[in-house]
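Visitor: Could you walk me through how to read a pair of packed helices? I would like the general idea and then the case at hand.

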Amino acid sequence: MERKQTGLNNGGNNCFFNSVLQLLYDCTVLNKYITSNNIEGTILNIYKDFLNNYNNGSHSINPSKITRHISSDLGRNRNTQEDSDVYLTYIFDCLISEINDDINKKKIANLTITSANIKLCDFINSLGTIKMKKHITCSVCSNVSSSDENINKLYLSIDKDKNFSQMIKSYCRDELNGENKYKCDKCNKKVDAIIDRTYESMPKYLFVTLKRYNNRNQKIADAVDIPYMFNIGDKYEYHLRGIIYHMGSTGGGHYVYYGRRNNSFTQYNDSTVSDVSEKEFEDVKKHGYIYLYAATKIYK
Ligand SMILES: [Zn+2]
């Protein structure tokens, strides 16, 4: 299906949120659920208005209503450049949590969705939640302590190899030592320990954010080897659908969203939407900030 290509006006330093809205528009299963069911919620209603305007817009639309609302929730100062990542996490969490409120209120959480053959509540949470198990092994007594960890985004540190699968591996295996020692209940003292994370279930939409800013708020502009497609286990196959790209320095700069459909690539730069070459997309892919992957194996 063709994606609607509507630009978003920039009312003054809003590119960070325009790029988030363009990325969310590519979460088609989420948007379809929101627009085809009669659901209500503060941010849901504003987001539905936005989707409606987007779908009916000709060249570009003014997203100021949703931008103002989310900015005010987050206590943003007027017309300052902000971090897309914070806004994406906030709005996505709000949408999922308001949908959950709605299905709980209607007492339909346990209804089975026939197309995916799972409970409605599990379907909603599977749109964005990464369910992991965290196992911490004490280096002194070898005791293993396990706990659940639900997250909605992978934050990956850029390592020396600049290799994606290596970065995911490092995310899953971490060491606690130095100032970050682990308090082992069995030894009853602070010890060195190893963290191992294993995936329990993965979401339809996987957001991957590269830590492109160091402790001194400097940008790490290194090229990273990011794949178009990767697998997690034999159940999840992820395809790259879009990238939020930040150009310029930490204090200012400009955010743009790049979308990918089959073999066509599009740049969403505020009110301007234009096709770009695969070569340009390839370059952006190496230097991107937030990546949207969609799983194709779990809901065919
Ligand atoms: Zn111990």
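**Two helices side by side**

Guide: Helix 3 and helix 4 are roughly antiparallel to each other, because an angle over 145 degrees counts as roughly antiparallel. This is a predicted model, where local features need pLDDT of at least 70, side-chain atom pairs count only at pLDDT 80 or more, and totals for chains, interfaces and linings use all residues. Residues are numbered from 1 along each chain as its sequence is written.

Visitor: At what angle do the axes of helix 3 and helix 4 cross?

Guide: Axes are lines fitted to C-alpha atoms over the stretch in contact, and angles run from 0 to 180 degrees between N-to-C directions. Here helix 3 (residues 42–56) and helix 4 (residues 64–73) cross at roughly 155°, their axes coming within 9 Å.

Visitor: Which residues make the contact?

Guide: Two residues are in contact if their C-beta atoms, placed from the backbone, lie within 7 Å. Helix 3 contributes Ile46, Tyr47, Asp49 and Phe50, while helix 4 brings Lys65, Ile66 and His69.

Visitor: How much of the protein chain is buried?

Guide: A residue is buried if 20 or more other C-beta atoms lie within 10 Å of its own. Of the 300 residues in the protein chain, 26% are buried.

Visitor: And how many helices and strands does the protein chain have?

Guide: Helices (H or I, at least four residues) and strands (E, at least two) are DSSP runs, numbered from the N terminus. The protein chain has eight helices and 18 strands. Its C-alpha trace spans about 65 × 50 × 40 Å along the principal axes.

Conventions
Parallel < 35°, antiparallel > 145°, perpendicular 65-115°, else oblique. Buried ≥ 20, exposed ≤ 12 C-beta atoms within 10 Å, placed from the backbone.
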